Amino acid sequence: MTVRVVLPLPLDQAFTYLVPEDLAGEAQVGSRVLVPFGPRRLTGLIVERTDEADALSDYFRLKPILDVLDAAPAFTGELIRLTQWIANYYVCGWGEAVKAALPSGVDIAEKHHIRRTEAPAVFWEDHPDVGPMLRYLDHHTEATLGGLRQQGIDVPLVLLRRLESDGLITIVKALKKPKVRIKYEKHLRFAPAFRNTGAVKDLTKQLRGLKQVAVVEALAGFALEGHPEPRKADVLERAQAATTTTNRLVEKGILEVIEKEVIRAPVYTFAAEPQAPFRAFHRAQRAALDQIHAALDARRFETFLLHGVTGSGKTEVYIAALKKVLARGQTGIILVPEIALTPQTVQRFRRHFGDKIAVLHSRMSLGERYDAWRHLRSGRYSVVIGPRSAVLAPLSNVGLIVVDEEHEPSYKQFDPSPRYHARDVAVMRARMNGAVCVLGSATPSLESFRNARTGKYTLLEMPERVPVPGHAAAPLPDIEIVDLTLERKKHRLHGALSETLREAIEQRLMRGEQVILLQNRRGYAPVIECQECGFVPVCFDCSVTMTYHKPRRRLRCHYCGRTQRMLAACPKCDSKDLSQLGAGTQRVEEELERHFPGAAIARMDLDTTGRKNAHHKILDRFGRGDADILIGTQMVAKGLDFSRVTLVGVISADVGMQLPDFRAEERTFQLLTQVAGRAGRAELRGEVMLQTRNPKHPVFRYILAHDYDGFAQVMMDERNAFDYPPFGRIVGVEFRGPEEELVDQMARRWTKLLTERVPGVVQVLGPEPAFVGRVKKQYRYHTIIKAPKTFTGLQDILRAVIKKFGNTPRGYHVAVDVDAIGLF
Ligand code: ADP
Ligand code: ZN
Ligand code: ZN
């Protein structure tokens, strides 16, 4: 028999290996295997078994797999197909896509620690490999496979597992490099002869040591309570005894120690506001659910675009659909843009799905991740909630995939490859499973908007907020523009806050209400400039200005993290006249402290949320009412639901609009609509103020009118005219390396190979230096490819170019980014 094995290498597909007879049972599709590859041994994944009788020549040509690493396959057939699709569509190695679906750590071979049990070796003693191993183990507490090999003993895992099931040895698995280990805890139980109450009574009379009696009684107590195998630590605590006592009892053959696996799951608490009493779904929710349920009942693949304004009750729709899916024994995936920022949403899912739900997020330890992954695979969890990588979770029988805030750019991965878009993978995965996919947003991406228009997705609309009992529907907040140029003329603007906004804040503080302020720039001042000669400090390694951070008086590069002390004088002309231009969150916070000395202010940006759970603490504090004003970067725009927030202010609505990205306006519309949605979510009416120097910009007209459809239509016409997505496909190719000259050459040669191969309908723009021309000592060039949606051969051409181009020199990189976003 032979198998096809995928290895973690860029652009190579599957390789064929022979399966030795003794591994034939274990070498299943989805099993990870150890294979020889050149001089190395690599971990790969079996993606196919080719069971037909093979040509004899294969046996001479092919190499055999060395071992099977999993007792049960790590991958399902479905994930194998999904990763293959990702590799094809996003032009990367299949093994790279496989790697993205494995928790970090397990791509490296597991290490097995082997211990001998008491069981007699019987007929194994004469086995040429097993015999020496058992004898070796009899004299050592444990051994690893590597350690055994050094002794000249080589027993394949498959055989080890057989010995384990025969009870001769125990195998404890750990991972080789990143130290992920399954965690075990010691538990105690009575030896078989003492597992009845009579025997325990006799024991307590016979035993002389008081501590020993206490342990026996404690253990008997646990057994009576229905826990015959409690944790050793619990027994010791109840008996007020120490390990020496239990050791004595084990030696006497009265107790047994067993090891049980512990599941590490991060503790997740968040003091949520009490929920408004939930009566029944309102009409639009009911209508949306009816359609989703119909698709679920028919067990047909269908993608819904749930376009619901902020606070319209989308999350409740997800929860109801998920309940239905679980009730019939299927599983579900919930994607959220950034889990640390949406503790309230996670909390709501937790409340409904309890220990059936695994939460994945970027701050988890390797061990926590590994455990979550294994138990998603084993079926102990039936729901996963997490950021983009959760779309690759190893759940079987997926019935529903939800992508909340589907327009969020964080769903697209850039580094490392695969550069996939989790929303699009979600739709594909739902399709492969005949499942339902729900994409939710108050401001859908134009891609999804168009798919809904053309009938590829089913549009569900919830245009109103959830009505508050006793009130008419909680209306969307009033949005007004504060024209900064005008304010300045009227001498009503001295720092970052206009007097208009300040007065509005003051009102809220007097009424005991809360305020959220958005300034999408962290630090104190984004630019330092010498007033004499115009010098501006720029990072040594990146072509961006250094941002001044006041707390430690340092300049910091936001691209590479390099810092230096704030300049006392201009290094060029020695002038001390350095001005601090622009305002980051720190400066706004300082201004607020000056104007509102009695107010409690919380700041949330990358600098205040570095530590684990920092987000929670800040939001918790704000939620309890211990802070009056929350100022932050776009972090404050996401999914927060605080009923006392009646004012949202945007310090500069123009940040982001200047970026040379065709999606800049779309992003601005999304961000401002989203942050506006934080205001007036309950009985109290909300107000939103957008400060801008550009009040005439058309994007504001639509934001003010809460007119998503109108905005989308204008954008669509523009995109259509220039063949931009969603009408055309965009592929970005990034060239990086330490010498600009060579990067330029590399970019031109690569682009030439491409131009030679593409038909006339495909436009190739560039190569050109990127907008941020240098990052972390690496020069960056871009080529942008625009192709009609109907042209399907692009990926094959890209693969041909990559192949023809061959290896890049050391330190130089080419990154192909299909459906690129953020091109600058
Ligand atoms: P979205 O996800 O669209 O922003 P949510 O699902 O968070 O909206 O709903 C907003 C608020 O309204 C939440 O506090 C939620 O518990 C509540 N809510 C949702 N649906 C209903 C309903 N039918 N009746 C009462 N309250 C509801
Ligand atoms: Zn100067
Ligand atoms: Zn830098």
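Predicted model: local features only at pLDDT ≥ 70, side-chain atom pairs only at ≥ 80, totals over all residues.
**Zinc sites**

- The zinc ion (ligand 3) is held by the SG atoms of Cys539, Cys542, Cys557 and Cys560, at 2.3 Å.
- Along the chain, the donor residues of the zinc ion (ligand 3) follow the pattern C-x2-C-x14-C-x2-C.
- The zinc ion (ligand 2) has its own set of cysteines: Cys530, Cys533, Cys570 and Cys573 coordinate through SG, at 2.3 to 2.4 Å.
- The site of the zinc ion (ligand 2) comes out tetrahedral too, with angles of 101 to 112 degrees among the four donor atoms.
- Here the donor spacing in sequence reads C-x2-C-x36-C-x2-C.
- Cys530 sits in strand 20 (residues 527–530), while Cys570 is in the loop between strand 23 (563–565) and strand 24 (578–581), so this pair ties together parts that are 40 residues apart in sequence.

**Helix 24 against helix 25**

- Helix 24 (residues 740–757) and helix 25 (residues 794–805) have axes that come within 9 Å and cross at roughly 135 degrees.
- Helix 24 makes a right-handed crossing as it passes helix 25.
- On the helix 24 side, the contact uses Met746, Arg749, Trp750, Leu753, Leu754 and Arg757; helix 25 answers with Ile797, Leu798, Ala800, Val801, Ile802, Lys804 and Phe805.
- Sorted by class, that contact between helix 24 and helix 25 has ten nonpolar and three charged residues, with no polar ones.

**Helix 8 and its two partners**

- With helix 10 (residues 243–251), helix 8 (residues 210–224) crosses at roughly 80 degrees, the axes coming within 9 Å.
- Helix 8 and helix 10 are therefore roughly perpendicular to each other.
- Lys211, Gln212, Val215 and Val216 of helix 8 touch Thr245, Thr246, Arg248 and Leu249 of helix 10.
- The class breakdown for helix 8 with helix 10 is three nonpolar, three polar and two charged residues.
- Helix 7 (residues 197–206) also packs on helix 8, at an angle of about 165 degrees and with the axes 9 Å apart.
- That angle makes helix 7 roughly antiparallel to helix 8.
- The crossing of helix 7 and helix 8 is left-handed.
- Val200, Leu203 and Thr204 from helix 7 meet Val213, Val216, Glu217 and Ala220 from helix 8.
- By class, the helix 7 and helix 8 contact has five nonpolar residues, one polar and one charged.
- Val216 turns up on the helix 8 side with both helix 10 and helix 7.

- Asp415 and Pro416 are joined by a cis peptide bond, with omega about -5 degrees.
- Ser417 and Pro418 are also linked by a cis peptide bond, with omega about 5 degrees.
- Pro416 lies in the loop between strand 15 (398–404) and helix 15 (422–433), and Pro418 is likewise in the loop between strand 15 and helix 15.
- Val91 isn't a glycine, yet it has a positive phi of about 55 degrees.
- You'll find Val91 in the loop between helix 2 (77–89) and helix 3 (94–101).

How values were computed: Residues numbered from 1 in each chain as written. Chains lettered and ligands numbered in written order. Heavy atoms only, no water. Axes fitted to C-alpha atoms, helices over the stretch in contact; angles between N-to-C directions. Helix = DSSP H or I, 4+ residues; strand = E, 2+ residues; numbered from the N terminus. Left-handed = near helix turned anticlockwise from the far one by under 90°. Contact = heavy atoms within 4.5 Å. Nonpolar A, V, L, I, M, F, W, Y, C, P; charged D, E, K, R; others polar. Donors = N, O, S within 2.8 Å, 3.2 Å for Na, K, Ca; no water. Tetrahedral: all angles 85-135°; square planar, octahedral: opposite > 155°, others 65-115°. Parallel < 35°, antiparallel > 145°, perpendicular 65-115°, else oblique.
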